[in-house]
Amino acid sequence: MNMNKRYLKVLFLFGSFFYVTTVDAQQCDTQEHICATNRHDCDPFLATCVEGASNADTKTNYHCVCQTGYQGNGKIGNCSDINECANRTGGCSQLCVNTEGSYRCQCRLGFIMEKDNRTCSDINECAQENGGCSQLCVNTKGSYICECTAGFVLSQDSQTCTGKLNSSMNKSSIQ
Ligand SMILES: [Ca+2]
């Protein structure tokens, strides 16, 4: 009889402990770790669940934050792409291309992107093989032109200089 009473007491104590522990764990889940469960309504793809109430919504003990490049309240279906190009061309020196969740800068023809991925610098076409010019190469912003020395004219290919025999002879005779 004594043994049975002791057994029941132990069983009761263990049962109480188990009950209290289980209830504590549930309260812990719902009150403190809801982000670790699937009981929140943050967008599973475009938002992050953050423990604690937000300034905008103090009723819940968590809030949702849209990923970088998205805006909204972070609830399911409430994160939308930010058009970074709408604000000061996204900081791009030339062209800005908005993309889903991001954006990128692009350069016009004749320019090359710097390492900052924002600034476009003029390509000096004359630095390589004289720009294909047979005589003078003049670099310009975004382009270049070929020019000829006195007595020569530029051919239709805009690169090759051909001699004007008569004028050069005239000039030679003058000098
Ligand atoms: Ca974007």
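The structure is a predicted model: local features need pLDDT of at least 70, side-chain atom pairs count only at pLDDT 80 or more, and totals for chains, interfaces and linings use all residues. Residues are numbered from 1 along each chain as its sequence is written. The protein chain has 2 helices and 12 strands.

**Overall build**
- Helices (H or I, at least four residues) and strands (E, at least two) are DSSP runs, numbered from the N terminus.
- From the N terminus on, the order of elements is α-β-β-β-β-β-β-β-β-β-β-β-β-α.
- Buried residues make up 13% of the 175 residues in the protein chain. A residue is buried if 20 or more other C-beta atoms lie within 10 Å of its own, exposed if 12 or fewer, and partly exposed in between, with C-beta atoms placed from the backbone.
- Of the contacts in the protein chain with a separation of 6 or more, 21% involve residues 24 or more positions apart. Two residues are in contact if their C-beta atoms, placed from the backbone, lie within 7 Å.

**Confidence**
- The protein chain averages a pLDDT of 83, and 75% of the residues score at least 70. pLDDT is the predictor's confidence in each residue, from 0 to 100.
- Over residues 17-30 the pLDDT is below 50, and this stretch has 3 contacts beyond near neighbours in sequence.
- Residues 167-175 also stay under 50 in pLDDT, with 5 contacts beyond four places in sequence.

**Annotated spans**
- The UniProt annotation "domain: EGF-like", from an unreviewed entry, covers residues 64-79, 105-120 and 146-161. UniProt positions follow the numbering used here, feature names are shortened, and annotations may be inferred rather than shown by experiment.
- Residues 64-79 are 0% helix and 31% strand, with end C-alpha atoms 10 Å apart.
- Residues 105-120 are 0% helix and 38% strand, with end C-alpha atoms 9 Å apart.

**The β9-β10 hairpin**
- Strand β9 (residues 136-140) runs antiparallel to β10, joined by 5 bridges. Two strands pair if DSSP finds at least two bridges between them.
- The hairpin has 2 residues between its strands, and G142 in the turn has a positive phi of about 85 degrees.
- V138 stands opposite I145 in β10.
- Strand β10 (residues 143-147) has Y144 and C146 on its covered face, and S143, I145 and E147 on its uncovered one.

**Residue D81**
- D81 lies in strand β4 (residues 80-81).
- D81 is partly exposed because 17 other C-beta atoms lie within 10 Å.
- D81 and Y70 are 11 residues apart along the chain, yet their C-alpha atoms are separated by 4.5 Å.
- Not counting residues up to four places away in sequence, D81 touches G69, Y70, E100 and G101.
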